[in-house]
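The exercises below are meant to be worked through with the sequence and the 3D structure at hand. Each task is followed by a solution that goes step by step.

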Amino acid sequence: MLIAGGLAFAAGSVAPRDILLRGGRIAAVLPPGQGPQDVPRFDASRRLILPGLVNAHTHSHANLMKGVADRWLLEASLTHGPWMGGQRDATTMRLSTLLGAGEMLEAGCTACWDLFYEFPAPTAEGLRVVAEAYAEAGLRAVIAPMVADLTLFEAIPGLVEALPEDLRAEVTRFRLAPADQTLAALRETFAVKPDLPPGISLALAPTIPHHCRPDFLRDCRKLAEDFDLPLHMHVAESRLQAVLARQVWGHGPIIEMDRHGLIGPRFTAAHGVWLDEAELDLLASRGAGIAHMPASNLRLGAGVAPLRAMRQRGIRIGLGTDGCNSADSLDMFEMTRLAANLSRIRDLPRDAWLDAREALTLATEGGAALLELGSGRIMPGLAADLTLLDLDHRAFTPLNDPLVQAVACNAAGAVKEVFVAGRQIVAAGRATAPALQDIAPLAQAALAELHRRLAPARALAQRIEPHAVAFAEAAGRAPLPAFSKIPVETAFR
Ligand SMILES: [Zn+2]
């Protein structure tokens with residue numbers, strides 16, 4: 001097929017280009033009118049053609065939890081974690097995944113890294129349900145079961161003691177599956193690897209450093225080696241986590257993860273708001289990556305990650321939304337806008353700010369590299385994952401600079417067509433997969449039933465929340481001596 005007549009972002013610039021697709025790949029990028037005449041044509045006049053956006057971090061189980069919270073900091077979110085991800089069956093897992101896949105596709109995203117959660121442990125069936133849902137929707141996905149062997153209350157020293165006595169008794173009953181049980185479940189789950197549908201791959205996500213005992217971390221690393229999987233962890237997301245790391249280990253969490261052999265070219269750290277210079281240097285020297293999530297970091301009051309300091313060191317960066325329980329929206333165009341604009345508030349000189357091109361490159365090529373997709377650009381040989389935007393949409397009216405407007409003008413609403421591996425899966429702005437039609441009422445009904453089942457656990461979390469938040473706010477204010485070295489504006493003076 002020849003996608004003809006559009007403006008395409010390729011080789012660093014936007015220009016009129018025709019794109020020839022063959023066998024799911026981009027076969028050629030041609031000057032207008034120079035493509036073969038004997039192939040089917042897709043009329044892309046009045047379209048801006050971008051590589052598909054890649055969401056480098058989300059959580060499919062959280063898609064049913066959009067808007068459950070307003071003023072939650074991370075530790076409040078983690079307090080509510082058990083009920084938000086609990087009581088799932090195949091139907092709710094499928095609907096939750098489909099809802100997110102549809103939202104991402106219609107906002108121009110062609111792939112996501114999904115850190116999905118099953119309680120008490122991952123299952124092959126759960127993984128298969130999620131994988132099939134993505135495959136039916138047409139979205140590429142790297143699916144990483146999220147695991148830990150310590151609860152929030154076991155992980156944070158002093159938290160249990162900060163609770164009133166009646167709640168202390170309740171939370172000490174919280175238990176995750178024992179480590180060996182979780183590891184056995186993971187082995188069984190990963191055995192489905194050879195049978196995964198096309199476009200779906202696996203990874204492993206030990207949730208948060210201090211939620212995993214050292215032995216468990218080492219076993220996770222071994223498992224990732226055995227099954228040839230990348231690793232993804234939430235690291236230094238909240239200030240409290242950075243404080244705890246110094247209290248427990250005497251150094252930052254990346255240094256600790258490196259001691260257990262986890263940091264390498266196939267390691268992605270999510271957030272990294274509170275990483276210090278030594279940790280950034282280490283990530284860079286190991287070839288590791290960071291999923292930058294500006295919306296989630298703002299939403300949870302976590303702070304602004306030092307993106308330029310990360311980029312300056314050559315750390316590989318992708319952009320992510322995070323889950324609907326902490327970012328609510330899965331709009332990757334919003335992430336490019338936030339990443340660009342937030343890069344300007346750390347008192348950096350103007351040359352250090354992200355411009356539209358760099359933000360969009362992180363959201364496409366950057367994410368694709370972290371997901372090991374081998375795509376993310378419009379160039380011959382790469383997968384034909386493309387997003388077409390309507391230049392008659394108000395985001396581009398009037399048209400001055402299509403690339404800047406794609407980033408700065410909330411362009412997700414302008415998405416008209418999406419191709420994944422050369423197959424059109426969004427038409428006239430709507431995802432076309434049969435599985436995605438009319439799922440809203442089904443999801444709403446499933447959610448009502450889920451909320452009924454989750455009510456007791458939710459009520460308990462609501463009682464714990466104010467105490468957990470008060471503890472996190474107080475403990476998180478402790479001095480951080482290592483942060484004299486936090487990368488700030490001085491890097492550029
Ligand atoms: Zn996350």
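**Exercise 1.** Is Ala428 buried or exposed, going by the number of other C-beta atoms within 10 Å? Then examine its phi, and treat Asp438 likewise.

The model is a predicted one, in which local features need pLDDT of at least 70 and side-chain atom pairs count only at pLDDT 80 or more, while totals for chains, interfaces and linings use all residues. Residues are numbered from 1 along each chain as its sequence is written.

Step 1. A residue is buried if 20 or more other C-beta atoms (placed from the backbone) lie within 10 Å of its own, exposed if 12 or fewer, and partly exposed in between. Ala428 has 8 other C-beta atoms within 10 Å and is therefore exposed.

Step 2. Ala428 is found in the loop between β17 (423-427) and β18 (430-431), where strands are DSSP runs of E with at least two residues, helices are runs of H or I with at least four, and both are numbered from the N terminus. Its phi is near 50°, a positive value in a residue other than glycine.

Step 3. Asp438, in the loop between β18 and α16 (440-475), has a positive phi of about 55° although it is not a glycine. With 7 C-beta neighbours inside 10 Å, Asp438 counts as exposed.

**Exercise 2.** Describe how α13 and α14 cross, and list the residues that make the contact.

Step 1. The axes of α13 (residues 332-342) and α14 (residues 356-370), which are lines fitted to C-alpha atoms over the stretch in contact, with angles running from 0 to 180 degrees between N-to-C directions, come within 9 Å and cross at roughly 135°.

Step 2. That angle makes α13 oblique to α14, since angles under 35 degrees count as roughly parallel, over 145 as roughly antiparallel, 65 to 115 as roughly perpendicular and the rest as oblique.

Step 3. Met332, Met335, Thr336, Ala339 and Ala340 of α13 make the contact with Ala356, Ala359, Leu360, Leu362 and Ala363 of α14, contact meaning C-beta atoms, placed from the backbone, within 7 Å.

Terms used
Contact = placed C-beta atoms within 7 Å.
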